[in-house]
Amino acid sequence: LITKSANQGFRHAQFALGNEYYNGINVEKDFTKSFSFFYEAAIKHLPDAQYNLGLLHINGRGTPIDIARGFTWILKAANNGFALAQHAMGDAVKDGFYFDKNEKTSVEWYLKSASQNLAKSELAIGNAYSMGSGLIKDENHALLWWRKAALQNYAPAQIKLATALRNGIGGTVNLGNSYFWLLLAGNNGDLSISKSAKDQINDIEKIINPEFRISV
């Protein structure tokens, strides 16, 4: 039914098939077919498809590597309000990848995606405040943004927040809160995140009384 709908030009069905061929769900994995379906949806102005098509160009999947064309599509998706594309633009501009490096413009892109509650953009804004990168350095604002992302159960932000609370970023050491966020991050399932969390948990358990370990 999805294929019939896609063949009739329905862009959301074309996008769905693009994902299925990319991931090998219900069909044999085929990047070339994935590219074709994403392209059909992208030219119909579907931002999700524009973003995915851009990534295929950049990574050379289903098509030769073409960084310029890839970012053309990602920029289209970002300008169409797609949060992941806006975050990708923030990363590219921050790192000077393809675009000229511009920390202020990078933050502007992150703010656009963070306004749609994209946790990794909230983390990035917190990092920018922490380092004074594109923003005036402000550790308290950094904590606020890291907490926003952590509350969405985004493990990298939970680790960042926990480390900041443990080290007194923003002016106050709070080992109980740090321990709390580390426990949440450690149960994320990501092995690298879990190891980082458990290492810090072990350190805190050596110096904090049990009754103060879990505090909000």
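Select helix 12 (residues 191-205) and colour its buried residues: Ile193, Ser194, Ala197, Gln200, Ile201 and Ile204. Buried means under 20% relative accessible area, exposed over 50%, and partly exposed in between, with a 1.4 Å probe and protein chains only. These residues cover an arc of only 135 degrees around the axis, which puts them on the same side of helix 12; the arc is that of the directions from the helix axis to the C-beta atoms. On the other side of helix 12, Leu191, Ser192 and Lys195 are exposed.

The model is predicted: local features need pLDDT of at least 70, side-chain atom pairs count only at pLDDT 80 or more, and totals for chains, interfaces and linings use all residues. Residues are numbered from 1 along each chain as its sequence is written, and side-chain values use heavy atoms, with hydrogens and water left out.

Stay on helix 12 and show helix 10 and helix 11 (175-186), against which its buried residues pack. Helices (H or I, at least four residues) and strands (E, at least two) are DSSP runs, numbered from the N terminus. Helix 12 has 15 residues and reaches 21 Å from its first C-alpha to its last, close to the 21 Å expected at 1.5 Å a residue. The expected span is 1.5 Å times one less than the number of residues.

Next, select helix 8. Its 13 residues reach 19 Å from the first C-alpha to the last, close to the expected 18 Å. The buried residues of helix 8 include Ala119, Ser121, Leu123 and Tyr129. Show helix 6 (83-95), helix 7 (103-114), helix 9 (139-150) and helix 10 (155-167) as well: the buried residues of helix 8 pack against them.

Pick Ser121 in helix 8. Ser121 counts as buried because its relative accessibility is 0%. Its side chain joins that of Ser113 in a polar contact of 2.5 Å. A polar contact is a pair of N or O atoms within 3.5 Å; within protein, one must be able to donate a hydrogen and the other to accept it, and residues adjacent in sequence count only if both atoms are side-chain atoms. Leaving aside neighbours within four places in sequence, Ser121 is in contact (heavy atoms within 4.5 Å) with His87, Tyr110, Ser113 and Ala114.

Move along helix 8 to Ser130. With neighbours within four places in sequence left aside, Ser130 is in contact with Lys137, Ala142 and Trp146. Just after helix 8, Gly132 takes a positive phi of about 65 degrees.

Now turn to the rings. The structure holds 10 aromatic pairs. Rings of Phe, Tyr and Trp (its six-membered ring) pair if their centres lie within 6.5 Å; planes under 30 degrees apart count as stacked, over 60 as edge-to-face and the rest as tilted. Select Tyr39 and Trp73, an edge-to-face pair at 6.4 Å centre to centre with 80 degrees between the planes. Tyr39 lies in helix 3 (residues 31-42) and Trp73 in helix 5 (residues 67-79), so the pair ties together parts that are 34 residues apart in sequence. Tyr39 is partly exposed at 36% relative accessible area, whereas Trp73, at 12%, counts as buried.

A charge sits over a ring if NZ of Lys or CZ of Arg is within 6 Å of the ring centre and within 35 degrees of the ring normal. For another case, select Lys148, over the face of Trp145 at 5.2 Å from the ring centre.

Finish at the aromatic cluster formed by Phe71, Phe97, Tyr98 and Phe99.
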